[in-house]
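Here are my notes on the aromatic residues in this one. Have the model open while you read.

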Amino acid sequence: MPKIAEAARAARRDQIIAAALACFARAGYHATTMADVAAQAGVSKGTPYLYFESKEALFIALHEEWDCGLGDRVNAAIAALPEAGRRSPRRVLHAVAAAVAGHVLEQTQTCRVLMEARALAAHEPPIAAAVLASDTRTHQQLEGLIAAGVEAGEWPAGTDPALAARLFTAGLYGLMAQWHLAPGSFSWDDAAAALAGGLAAVPQAAVPTPDGDGRASPARPDTGDPR
């Protein structure tokens, strides 16, 4: 395919994605039709189907492109830290949270679609698969960062990185939902700092009990008693 044709096709696809974003953010997934997207994009009714086989495929593509600008923003936020900050997992996590907050503030429509995707995942298996894949990648990256922070003594020894990663992302998504209900009701910078610092309260990783049930055993104060 000639480069000009490839560029034109990519531009038209971006045009349809932008139109879908506006439609889904305005009316929601179920109320939006492919005809609505075509009208928003200013193209014929059949044009969106040349790029996406269904409304579901279009919605999933839009969900996956949420990270396009976010990844660059996170990398820039980390690069802007002083050298000592880049060596601190805790400060890196704060920078990540702040970058996500900035993305939410600037990409309000995309954030609404992201929130709806998580609600739709309970009933739409293909959307659930896309959300789960995204979460898996995010949690793996966060677990590595948090584990490094625990090793460096920035978070309590025994902190469960997997649980901490889930709590961190759950906090972000919860804040996103609250922001859309009441924009301006809290400071995203303060919230980002609280999320990054709140890992001190995450329970330690579960330690098998004598019964082997995997529950976390409460810490026993050191009284000097060898028993």
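Which ring does the charged end of Lys55 sit over? That of Tyr29, at 4.5 Å from the ring centre.

A word on ground rules: this is a predicted model, with local features needing pLDDT of at least 70, side-chain atom pairs counting only at pLDDT 80 or more, and totals for chains, interfaces and linings using all residues. Residues are numbered from 1 along each chain as its sequence is written, and side-chain values use heavy atoms, with hydrogens and water left out.

1. Charges over rings. The term asks for NZ of Lys or CZ of Arg within 6 Å of the ring centre and within 35 degrees of the ring normal. Besides Lys55 over Tyr29, Arg118 lies over the face of Tyr173, 3.7 Å from the ring centre.

2. Ring pairs. Rings of Phe, Tyr and Trp (its six-membered ring) pair if their centres lie within 6.5 Å; planes under 30 degrees apart are stacked, over 60 edge-to-face, and the rest tilted. That rule gives six aromatic pairs. Phe24 and Tyr29 are stacked, because their ring centres are 5.9 Å apart and their planes at 25°. Ring pairs also tie Phe24, Tyr29 and Phe59 into a cluster.

3. Burial. Buried is under 20% relative accessible area, exposed over 50%, partly exposed in between (1.4 Å probe, protein chains only). Phe24 is buried at 2%, and Tyr29 is buried at 6%.

4. Trp188. This residue is also buried, at 6%. Leaving aside neighbours within four places in sequence, its contacts (heavy atoms within 4.5 Å) include Ala101, Val104, Leu172 and Trp179. Trp188 and Val100 are 88 residues apart in sequence, yet 9.4 Å apart C-alpha to C-alpha.
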